Amino acid sequence: MTPRQAALLSVNSCIRNDRYVNLELSSVIRKYRFEGMDRSFFTALFYGTVEKTLTLDYVIRKCSSIPPEKLDHMVLCLVRIGLYQILFMDRVPDHAAVDESVELAKRYCPKSSVGYVNAVLRAAIRSKDTLYNQMKNEKGLYGVSVMTSIPEDILSVYAESYGENTARKIAAYFASRTPSVTLRVNTLKTTREKLLAALGSIADKTALSPCGIRLSGSFPVEELYGFSDGLFFVQDEASQLASGLITKNDVPKGGTVIDVCACPGGKSFSAAINLNDEAQILSFDLHANKLSLIGSGAERLGISSIRTAARDGRNPDETWFSRADAVICDVPCSGLGVIAKKPDIRYKPVDRSDRLPSIQAEILRMSAKYVKDGGVLVYSTCTLNKRENEDIIEAFLKENPSFSLLDEEIIPGKRGMATLFPYEYDTDGFFMAKLKKGEKA
């Protein structure tokens, strides 16, 4: 199995079976034992083709008399991966992209399509500059969409929330960014300086999080120094900042933190580490089958303060009402801040997320019942949509006068709540707010 073959089959699998890209990637790498250059090439071609689907289909329409939706499905996938190599992989010679695609067509596609694949790819090679200029000159959000491969309905959410100029900046960032892996140092066991020294040239400090390390490339995390010893776990810098809002000033030794939507556990782990593993962390999640991820992660990290239980955030445990010093409410969201890392999110219709704000508001309202007087509540999402972020907080504060935004700098220059735009902070797109119950914060 070559990386190109695997990329073709994986693109087909993800689109036809609605399979998550990250799960497909991990499964294929394990199955075929891709390493080194093969692993890197497969990852880049597979992820890139999924990410740039809208742009690639625009090119197909310009270079073919048959629109994408009329093509045999495997032919469409093959033309996409061929075009991705031609348009976006500078180290792949154009002739190699064509020749290898033709060979794959002979093996996986109807015989009548071999000449078609060859013709479309060669037409794209001849027209590269023209195609780019045509895309660049398309108007409005449609033009942004074909240039960045972000659907117009997502761009409209960005624009309605923050204005079209900001929407364009978000899209440009996601289109140009190669996502990096960010580690959260387990300071129960080591320091960031020691782990940086051990990891060497592949690692650097995060700009905002005092406990984060950014890797310079894509690496099998399980094979990195310190993984088996629990010296770190994977967590984006934005999530680290949100987790860092739970401090020893909020939770005394022996106090209680409740994480209401905890899986896969990153924020629970961070809270436990921030509190020196001396608080009681209750990690709840709707999906009981995922709670083992928290248990195994805590064991690897050497954290003993976490207890898990299956619970819907909209149906809280009354025995813990008004007893928590801090509550973490990282709610299910549309994920529009992480489409650089999860390219398949961009092709899920936005209207599927229309019901989320009501769910988020209900989870927040019910989770607030856990907070004792003087306690704090952290609300966060990894999306860029005011309806799921600022609007939720503003409505909650109107309905719950015992809570107020904490007058505390949560990121430089932002107090109480903040939206992290990825082009400003080089993190996931993210929202966080810190509320306090009781006396005016």
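1. N276 sits in the loop that links α14 to β6 (280-285), with helices (H or I, at least four residues) and strands (E, at least two) taken as DSSP runs numbered from the N terminus. Its phi is positive, about 60°, although N276 is not a glycine. At 36% relative accessibility N276 counts as partly exposed; the classes are buried for under 20% relative accessible area, exposed for over 50% and partly exposed in between, with a 1.4 Å probe and protein chains only.

2. D277 belongs to the loop between α14 and β6 as well. This residue also has a positive phi of about 60° without being a glycine. Is D277 buried or exposed? D277 is buried, at a relative accessible area of 16%.

3. A word on the source: this is a predicted model, in which local features need pLDDT of at least 70 and side-chain atom pairs count only at pLDDT 80 or more, while totals for chains, interfaces and linings use all residues. Residues are numbered from 1 along each chain as its sequence is written, and side-chain values use heavy atoms, with hydrogens and water left out.

4. Please have a look at the peptide bond from C263 to P264, which is cis with omega near 5°. P264 is found in the loop between β5 (256-259) and α14 (266-274).

5. Two serines come next. S145 is part of helix α9 (residues 140-148) and is buried, with a relative accessible area of 6%. Leaving aside residues up to four places away in sequence, S145 touches L54, I150, P151, E152 and L155, where contact means heavy atoms within 4.5 Å.

6. S239 lies in helix α13 (residues 237-243). S239 is buried too, with a relative accessible area of 12%. Which residues does S239 touch, not counting those up to four places away in sequence? They are K267 and F430. As for L104, S239 is 135 residues from it in sequence and 42 Å from it in space, C-alpha to C-alpha.

7. Now a helix pair. Two packed helices are described by the angle between their axes and the distance between the axes. For α1 (residues 3-17) and α3 (residues 36-51), the axes come within 9 Å and cross at roughly 35°. Here axes are lines fitted to C-alpha atoms, for helices over the stretch in contact, and angles run from 0 to 180 degrees between N-to-C directions. On the α1 side the contact is made by P3, R4, A6, A7, S10, V11 and C14, and on the α3 side by D38, F41, F42, L45, F46, T49 and V50. By class, that contact has ten nonpolar, two polar and two charged residues.

8. Finally, the whole chain. The protein chain has 18 helices and 14 strands. Its radius of gyration is 24 Å, close to the 22 Å that the globule rule gives for 441 residues, so the chain is as compact as a globular protein of that length; the radius is taken over C-alpha atoms, and the rule is 2.2 Å times the number of residues to the power 0.38. The C-alpha atoms fill a box of roughly 70 × 45 × 35 Å along the principal axes. Of the 441 residues, 56% count as buried. Among contacts between residues at least 6 apart in sequence, 73% join residues at least 24 apart.

Notes. Ala, Val, Leu, Ile, Met, Phe, Trp, Tyr, Cys and Pro count as nonpolar, Asp, Glu, Lys and Arg as charged, and the others, Gly among them, as polar.
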